[in-house]
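Take a moment to look over the model below. The walk starts at the ligand and then moves out to the domains.

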Amino acid sequence: MSIILASTDFWEDMDVWSNSLRMAMPEMDINVYPDEGDINKVEYAVVWKHPKGILKKYPNLKAILSLGAGVDHIISDPDLPKGLPIIRLVDKKLTHEMCLHALHWVLHFHSDQYLYRIQQFNHEWNQKSSIQSEDRTIGIMGLGNIGKSIGDLLVNLDFKVIGWGARKKEALGLIDYSFGKDKLSSFLSRADILINVLPKTQNTANLLSKKELECLPKGSFIINIGRGGIIDESDLLILLDNNHIAAAALDVFTEEPLPENNSLWSHPSVYITPHIAGQSNPKSAAKTIAENIHNIQKGKLPYPIYSNENGY
Ligand code: GLV
C-alpha cells in the first residue's frame, strides 16, 4: 500500500511534505511523483496542482486528498478518475494563517494606514478622525470554517461582523448572517470592509460585477483571499478609479500568476500578494491527512468530502 504525493507548485517543498507525511504515517510507503513506485500499490493520492491526467494511472486508488483548503486544482483535471472521494483540507494552522492575513488587512484599512503611507510620500501631515471598531462593519462572504473563524476573531476585537453565504448553514456562532442571492445586495450595502473567502463554484463564479460592487458603501475596502473569478477585476478597477472602493487587498486572481499586463499590478489603491494567504503547514496538515487516511482504512468517513452538488 502506498501514497503518491504530487505537486507542480515550485514553492511546495516535497521533501518537507513527504517527511511530514512519513512521520504521521510511518507504516505507509510515500513516493513523490514522478517517482511513483509500483502503480498497483498506490491507494491514496495527496496532491496540490498535480500534473493533470496522472491520477487515472493508479488502478487501486481509493481517495484523493488535497494539500490545501481548496480542491479546484483537483476537480479541474479533465482526466480525474470517477467516483473517488476528494477530501479537502480543514486544518487549524491553515485557518489560523488565513485569520492573521485577513486581520492584517482589516487593521491596515481600518486604521487608515493605506492613506498615511500616501501622505508620507507627499510629506503631508493630515489627521483623519478614526472610526471606532464597533462602528466598522466587516462583511464576510463565505461562512465555512475559515470565514467563521475570521468572523469570531473580528467580533472579539469589537468589530461589527456580518456574513453572507451562497447556501444555508446552521449554527454560525457570533456572526450576524444571511444567505442566498436575494440577500446579497442588502448584505453588501452594510459592508465597510468586505472579506471574500468563498471558493469558486457554479454558485459563486462572477458573483460580484459592477452592479453588486456598487452596493458596497462609498469608500469601502475589499480583501479577497478566497478565489479569483468571483469578483470581476475590470469592474473592480472602474470602482477603484472612481473612488467608490477606497482600496483592495487581493491574494487571488482570475488568472494566476497575475498576467504581467494586468492593470491591477500598478493601481495605487491595490495591494497584491501572490496567493500566499493561507499556506498549509506540513506538520499539522500531515496529521490531518493521516487521520483521514486512517479513517478510510477503518471504514469510517474522512472529513470533509468534496460535494459535487455544493461545489466545495
Ligand atoms: C489555498 O488557496 C488553498 O486552497 O489552501
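Start at H275, where an N or O atom of the side chain is 2.5 Å from an oxygen atom of the ligand. That is a polar contact, meaning a pair of N or O atoms within 3.5 Å; within protein, one must be able to donate a hydrogen and the other to accept it, and residues adjacent in sequence count only if both atoms are side-chain atoms. The protein covers 87% of the 190 Å² of accessible area that the ligand has on its own (Shrake-Rupley method, 1.4 Å probe; for residues, only the protein chains shown count as cover).

This is a predicted model: local features need pLDDT of at least 70, side-chain atom pairs count only at pLDDT 80 or more, and totals for chains, interfaces and linings use all residues. Residues are numbered from 1 along each chain as its sequence is written, and side-chain values use heavy atoms, with hydrogens and water left out.

Which residues surround the ligand? They are W48, G68, A69, G70, R227 and H275, each with a heavy atom within 4 Å of the ligand. A69 uses its backbone: an N or O atom there lies 2.6 Å from a ligand oxygen. R227 uses its side chain, with an N or O atom 2.8 Å from an oxygen atom of the ligand.

R227 has another partner. Its side chain meets that of D72 in a salt bridge, at 2.6 Å from N to O. The term means a side-chain nitrogen of Lys or Arg within 4 Å of a carboxyl oxygen of Asp or Glu.

Now step back to the whole chain. It is divided into domain 1 (2-91 + 280-297) and domain 2 (92-272), with bounds from an automatic or database domain assignment. Their centres, taken over C-alpha atoms, are 32 Å apart. Ten residues from domain 1 and seven residues from domain 2 make the contact, which means heavy atoms within 4.5 Å. One salt bridge crosses this interface.
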